[in-house]
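Hello,

Please find the structure below. My notes follow it.

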Amino acid sequence: MPVLDLMSGFIAELRNAGLPVSLTENLDAMEAVKVIPIEDREAFKYALGATLVKNNAHWRVFETIFEVYFSLRGPEYAITKDGQPDDFWREMQEQMDQVKGQGEGKGSGGGMDSLTPEEITAMLMRALMSGDQAMMRALAKQSVQRFAGMEPGRPVGGTYYLYRTLRNLDLDNMLQKLIDANREMSKQELTSLEERLEKDEFESRIEQFKQEIESEIRRRLVADRGAEAMAKTLRKPLPEDVEFMHASRDEMQSLKKALYPLTRKLAARLARKRRHGRKGPLDFRNTVRHSLSYGGVPADPKFRYPRPAKPELMVVADISGSVAAFARFTLMFVYAIQNQFSKVRSFVFIDGIDEVTKYFKSTEDIGEAINRVNTEADVVWVDGHSDYGHAFEVFWERYGKDITSKTTVLLLGDARNNYHAAQSWVVKEMAKRARHVYWLNPEPKSYWNTGDSIVGEYGAHTDGVFECRNLRQLEGFVENLT
Amino acid sequence: MKPRFNDVATVRSGLKNVNYLADDGIAGVVYLADRLGKPVLIEGPAGTGKTQLAKSVAELTGARLIRLQCYEGLDESKALYEWNYKKQLLRIQADKNSDSWSEVHDDIFSKEFLLTRPLLEAITSEDPVVLLIDEVDRVELETEALLLEILSEYQVSIPELGTITAKQIPLVFLTSNNTRELSEALKRRCLYLHVDYPDLEREKEIVLNKVPDISENLADQIARIVRSIRQLDLKKPPSVSETLDWARTLMLLGIETIDADEAKETLHILLKYQTDIAKAAKELSVTK
């Protein structure tokens with residue numbers, strides 16, 4: 001039974017991508033498939049989603065894999081070498097001719113293949129303007145056919161084709177063109193609010209068009225190479241496994257979205273832990289008071305709950321280019337759960353160091369504070385290349401005396417010191433005064449102490465150096481910290 | 001057992017008749033829940049109609065809605081069942097002399113002395129019911145285990161009485177605001193449904209449906225503005241219920257088309273944080 005084979009391949013791929021699919025869930029999915037026909041693709045997709053994906057953050061990964069495995073496969077997506085349109089295309093073109101005929105008021109031309117690139121762009125613009133879904137889909141197909149330059153068997157990833165297609169369509173300027181055209185078309189002057197709404201609308205349409213193109217490319221690649229091979233090249237890490245240092249812009253967005261619920265959950269968990277911690281010593285007064293209801297027999301002993309002191313935190317972060325994203329996320333993370341600490345102070349450095357606590361104090365909006373850190377903090381001393389040694393020295397001079405036995409110091413960075421002097425005595429002195437000193441390194445462990453990385457030299461004086469490449473590791477570390 | 005729905009389309013149109021606009025995902029999962037006889041775990045941001053879905057399904061199927069509101073400290077005596085101690089005591093005192101001990105013992109642990117709580121009530125009920133376990137993420141991890149037996153087997157084991165099995169399989173909905181990760185065991189037993197903010201078209205339809213006499217034009221504008229606001233990086237993006245509140249406010253104020261000033265003045269209905277309001281106000285008046 002082909003559906004069964006397809007399903008087991010699909011589920012194996014989900015597991016490969018990191019989704020925890022258990023055996024019962026697998027069986028549920030099979031049950032679900034029985035009652036929902038595969039022809040109803042949307043319902044089929046949601047049926048599989050409901051039984052297999054139990055975490056919303058995993059939905060996008062699921063969607064991609066679903067598309068690879070269950071995308072319409074057939075001759076219409078085969079990449080024909082000679083560019084001969086097959087039946088499907090002929091049909092499509094007839095439709096297109098009609099649309100075109102209506103739109104421009106001239107007779108049917110030679111179909112879509114004979115259009116010039118300018119005409120395609122013009123048609124695309126009209127489709128985006130009116131939000132014509134069918135037209136956009138057809139144009140996505142046509143542009144991939146024409147611009148992507150796909151060749152069967154060529155071992156190139158989908159991103160390459162996507163780039164080629166988009167470059168030819170010039171979508172970046174499309175938005176401005178649409179806005180201008182819209183302004184001309186409307187009779188009276190648009191208010192700024194209306195204009196802004198129109199812009200958002202166009203943006204979402206363009207985004208939709210891009211997705212059409214992407215899935216069209218994916219479909220064609222699947223047809224060419226088979227689902228398994230494609231799934232492997234398309235495999236994307238789950239948001240919590242995305243590496244800070246190599247995240248793309250899209251991944252950054254999804255990371256940011258994942259961050260807030262994560263911190264909220266962590267804060268709830270920590271607060272609960274604090275309340276339901278182990279019992280403390282006997283509370284004599286309370287026990288005696290309760291003994292009154294048992295006629296003076298202390299039958300129900302009461303205990304004091306320990307209130308562990310919240311740690312004081314000092315975050316010292318390298319924000320030079322290579323590790324900036326990591327520093328940003330760690331700061332966001334720490335400030336999002338700052339009520340779990342009695343006090344948080346933060347410092348950033350490249351080769352000079354500056355305290356940035358005030359940016360976080362003055363606003364409730366962490367994102368804005370981070371922006372101000374990036375633009376306003378005075379972190380360049382000589383040339384703007386990381387110099388841990390100098391930064392630490394200045395830190396010790398200015399703020400060293402503020403470190404007390406209650407303080408936990410977090411040092412963030414890859415310790416790539418550009419062969420400057422290490423000044424690791426500062427870390428040693430810190431460790432003497434502070435309760436704990438930890439180092440978080442966003443690089444994979446195998447890269448440590450290679451090249452100009454001297455994390456070992458600093459790490460020797462700390463209470464531990466931790467690899468912190470993704471959200472999962474960061475969350476794990478912070479949970480143990482409080 | 002006879003399935004309640006014929007296909008996904010029936011669910012969707014049925015829900016629409018009771019004023020709940022479902023998308024493909026929601027209708028599909030409700031249909032599947034009925035067919036597979038499995039509970040549905042609904043997650044998503046606050047105010048997107050998670051609880052309302054359970055209520056609407058109850059209305060659609062003509063079933064009684066039994067609701068268990070979860071909170072920290074919920075235990076089995078409040079969720080499952082409890083022995084009616086007072087009544088048991090009375091029974092013992094009523095005929096002290098006549099019965100032998102074993103007879104009394106058997107007697108006081110019978111159904112007569114059992115107080116049913118929502119979960120037990122749902123499975124013992126003769127008429128069709130929809131069970132709603134609201135905000136299940138609020139109970140402790142340990143208490144979650146209470147739910148497992150009823151969710152997978154539709155039965156409750158009472159040590160003194162034996163196992164009570166459901167007379168009919170109820171539709172079960174669990175909602176969660178995602179304040180903590182639910183246990184794997186619970187998730188495994190449920191179908192998972194994530195209800196997100198609706199897209200432009202659906203939100204517009206919801207507004208048209210729920211706010212009487214609103215003009216199409218205004219509803220469209222409201223949906224667009226709300227979408228733009230949701231794209232900002234906010235502490236708490238406006239929920240559907242807040243959108244509806246806003247629409248009603250605008251209706252009361254007699255506003256036909258919204259301009260930037262009016263939008264700014266009524267923003268506090270959509271957004272509940274001062275920083276969010278400031279940010280949105282700034283964004284809306286930007287000329288670009």
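I start with two helices of chain B. In α10(B), the residues E203(B), I206(B), V207(B) and K210(B) meet V240(B), T243(B), L244(B) and A247(B) of α12(B). By class, this contact of α10(B) with α12(B) has five nonpolar, one polar and two charged residues. Please keep in mind that this is a predicted model.

How do these two helices pack? The axes of α10(B) and α12(B), the latter being residues 240-252, lie 10 Å apart, at an angle of about 50 degrees. The crossing of α10(B) with α12(B) is right-handed.

α10(B) also has a contact with α11(B). Here L200(B), E203(B), K204(B), V207(B) and L208(B) are the residues on the α10(B) side. They meet E216(B), A219(B), D220(B), I222(B), A223(B), R224(B), V226(B) and R227(B) in α11(B). The contact has seven nonpolar and six charged residues, and no polar ones. α10(B) covers residues 200-210, and its axis comes within 9 Å of that of α11(B). The two axes cross at roughly 130 degrees. α10(B) and α11(B) are therefore oblique to each other. Their crossing is right-handed.

Chain B has an open sheet of five strands in the order β2-β5-β8-β1-β9, with parallel pairing. Which strands are at the edges? They are β2(B), residues 64-69, and β9(B), each of which pairs on one side only. From one strand to the next, the twist averages 20 degrees. Helix α3(B), residues 50-61, packs on the sheet. It touches β1, β2, β5 and β8 of chain B, and its direction makes about 175 degrees with that of β5(B).

Within that sheet, β5(B) (residues 129-134) and β8(B) (residues 171-176) run parallel and are joined by four bridges. I133(B) has L174(B) in β8(B) as its bridge partner.

β6(B) and β7(B) form it, with three residues between them. The strands are residues 155-158 and 162-165, and they pair in the antiparallel sense over four bridges. S157(B) stands opposite T163(B) in β7(B).

Now the domains. Chain B is divided into domain 1 (8-72 + 117-194), domain 2 (81-116) and domain 3 (200-285). The centres of domain 1 and domain 3 of chain B are 31 Å apart. Eight residues of domain 1 of chain B are in contact with eight residues of domain 3 of chain B. On the domain 1 side, the classes are three nonpolar, four polar and one charged.

Last, the contact between the chains. How many residues does each chain give? Chain B gives 34 residues and chain A gives 32. On the chain B side, α2, α9, β9, α11, α13 and α15 each supply at least two residues. α2(B) gives the most, with seven residues. By class, the chain B side has twelve nonpolar, ten polar and twelve charged residues.

Best regards

Key. Residues numbered from 1 in each chain as written. Chains lettered and ligands numbered in written order. Predicted model: local features only at pLDDT ≥ 70, side-chain atom pairs only at ≥ 80, totals over all residues. Domains from an automatic or database assignment. Contact = placed C-beta atoms within 7 Å. Nonpolar A, V, L, I, M, F, W, Y, C, P; charged D, E, K, R; others polar. Axes fitted to C-alpha atoms, helices over the stretch in contact; angles between N-to-C directions. Parallel < 35°, antiparallel > 145°, perpendicular 65-115°, else oblique. Left-handed = near helix turned anticlockwise from the far one by under 90°. Pairing = 2+ DSSP bridges.
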